[in-house]
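This report describes one protein chain. Please look over the sequence and the model before reading on.

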Amino acid sequence: MLVLCGGLLAAVPAIRFREVAASAGISFVLENSPTDRKHMIETMPGGIAVFDFDGDGRPDIYFTNGAEIPSLEKSSPKYWNRLYRNEGGMKFRDVTESAGVAGAGYSMGAAVADFDNDGRADLFVAGVNRNILYRNLGGGKFEDVTAKSGIRSGEWAVAAGWFDYDRDGHADLWVVHYAKWSPAYDRFCGDQARGVRIYCHPKYFEGLAGTLYRNKGDGTFEDVSVKAGIAAFAGRGMSVAFADYDQDGYPDVFVTNDNMPNFLFHNKGNGTFEEVGLLAGTALRDAGKPVASMGVEFKDYDNDGLPDAFVTALAGETYPLFRNAGKGVFVDATYQSKLGSLAVKHSGWGLGLFDFNNDGWKDLFTANSHVNDRVEMFEPAVYRERNSIFANDGGTFQDVSAEAGLSLAAAHRGAAFADFNGDGRMDAVVSSLGTAAELWENVSPGKEHWIILRLRGTKSNRDGLGAKVRIGKQYGEMTTTTGYASSADFGIHFGVGSLAVIPRIEIQWPGGGKQSLTDVKADQILEVVEP
């Protein structure tokens, strides 16, 4: 791929992946328990969490899993959620049983953060009528603290995310709900004359509001949804992402809704939120029609210092891109960025906006598949798809999936990202319904430089959630949410191209302090402690 640079043609560094799950020791299969009744929950699991649970410096992988239907119980080890320990050298070992994180119920999403500020990453699992909060005890063990923490269950939770909305130094939890549902739901959708049953359109399901749990700092949480002003906004929520889109110092919340306008909750800084999606321009694309919004990334793709919003959706809907124009306004840049024409035939779930070739521009990885396993009988669309990689060439995108080697077609769902082998290149792990998970090792041939910053708050929350980092024109915010119902806690990765030494790194901590690092050597994982 060539781009014009200073009047000359310059090659954008290549992106290459190879699939290594089997050789890495990962044998997880996502058991969604498909039935003839086509329960909606069957098509929506697959969240993944990536985090260093044992403190050895290497990111480990946690897969959420389904359960039997209609009991919604993990009646066999094949339904267990699975934790794989990174042994180094792109080798993993299943430590689910010893860690105590096999889970319960029909699990969907996962979210990671150090909620008790003890230096160990904790884990929240969202599921159908059952949520679990695991506290990391150290020594490779977790404790289920759901009941005593005040986190409740009883609704269909798809995803969740951690952020410090009130900047009190403790990570708070936002839980995303889809709709009212029970195993007794039995509406027939499809072609009854032919006996062809399909998953029902989302319009037949009554949406639910999300839940905001304020971390009280003593191991317990308070449901502040009503007090914060979010309980009145019912949607068919799919995923959540956080960023300070208006740069007022407080993290805002983007929630994708399935065939409903997306929500953008503006943090007013006084413990309350206002929903501004329509006013800000993120509720709908310019055509004015809701789409099947799935996953979301809330990051700066065009290096203008403002977080933009990427959304995955179904074939024919494109992958919407809302570019942050400043002053609280977004514009529909789906086709301007060239992403519209590239993605219009794809259906997507998980996604990640990361610099996969380390050239200083964030690229887009999407985990693709249609929602309807019988879509080919009704529409000119495909159910099982290959994943996609869209290379960023200065603010517009090119589809380089074929050259990148993303060759496996499957019913892909969740995706999470980290540098699993310490070579500075971002890798990807992807789940898919009924088949083995995929681990995509980034083997891009370029020699571009990179840095990963691991932030450790002292006055702020331990993870530095909400911290803002600038390297040249690049901008990033510390978050552990990614894509569809997934989470990745490894720090912030920057590709820095030809820079072997980074002249300046600027960090604004959520606690209010600012920090500058000068003449920083690239090609390292650097831990930065809040002064």
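The sections below go from the whole chain to single strands and residues.

## Basis of the values

The model is predicted: local features need pLDDT of at least 70 and side-chain atom pairs count only at pLDDT 80 or more, whereas totals for chains, interfaces and linings use all residues. Residues are numbered from 1 along each chain as its sequence is written, and side-chain values use heavy atoms, with hydrogens and water left out.

## Overall form

The protein chain contains seven helices and 43 strands. Helices (H or I, at least four residues) and strands (E, at least two) are DSSP runs, numbered from the N terminus. Along the principal axes, the C-alpha atoms fill a box of roughly 65 × 55 × 50 Å.

Of the 531 residues, 61% count as buried. Buried means under 20% relative accessible area, exposed over 50%, and partly exposed in between (1.4 Å probe, protein chains only). In the protein chain, 60% of the contacts with a separation of 6 or more are between residues 24 or more positions apart; a contact means heavy atoms within 4.5 Å.

## Surface and charge

Carbon and sulfur atoms hold 50% of the accessible surface, which comes to about 18600 Å². Accessible areas come from the Shrake-Rupley method with a 1.4 Å probe; for residues, only the protein chains shown count as cover.

The chain has 52 positive and 69 negative charges, and their mean positions are 2 Å apart. Lys and Arg count as positive and Asp and Glu as negative, while His and the chain ends are not counted. Each charge is placed at NZ of Lys, CZ of Arg, CG of Asp or CD of Glu.

In strand S21 (residues 252-257), six of six residues are buried. Asp252, Phe254 and Thr256 point one way from the strand, and Val253, Val255 and Asn257 point the other way.

S21 runs antiparallel to strand S20 (residues 237-243), with six bridges between them; two strands pair if DSSP finds at least two bridges between them. Thr256 in S21 stands opposite Ser239. Strand S22 (residues 263-267) is also antiparallel to S21, joined by three bridges, and Phe265 in S22 is the bridge partner of Val253. S21 and S22 form a hairpin with five residues between them, and Asn259 in the turn has a positive phi of about 55 degrees.

## A mixed open sheet

Six strands form an open sheet of mixed pairing, in the order S7-S6-S5-S4-S39-S38. Strand S7 (91-94) and S38 are the edges; each has a single partner strand, so one side of each is left without a neighbour in the sheet. Strand S4 (residues 48-51) and S39 run parallel and are joined by three bridges, with Ala49 paired to Ser487 in S39.

## Backbone exceptions

Most residues other than glycine have a negative phi, and most peptide bonds are trans. Ile69 and Pro70 are joined by a cis peptide bond with omega about 20 degrees. Pro70 is in the loop between strand S5 (60-63) and strand S6 (82-88).

Thr318 has a positive phi near 70 degrees. This residue lies in the loop between strand S25 (308-311) and strand S26 (321-326) and is buried, with a relative accessible area of 2%. Ala485 has a positive phi of about 55 degrees. Its place is the loop between strand S38 (481-482) and strand S39 (486-489), and Ala485 is buried at 3% relative accessibility.
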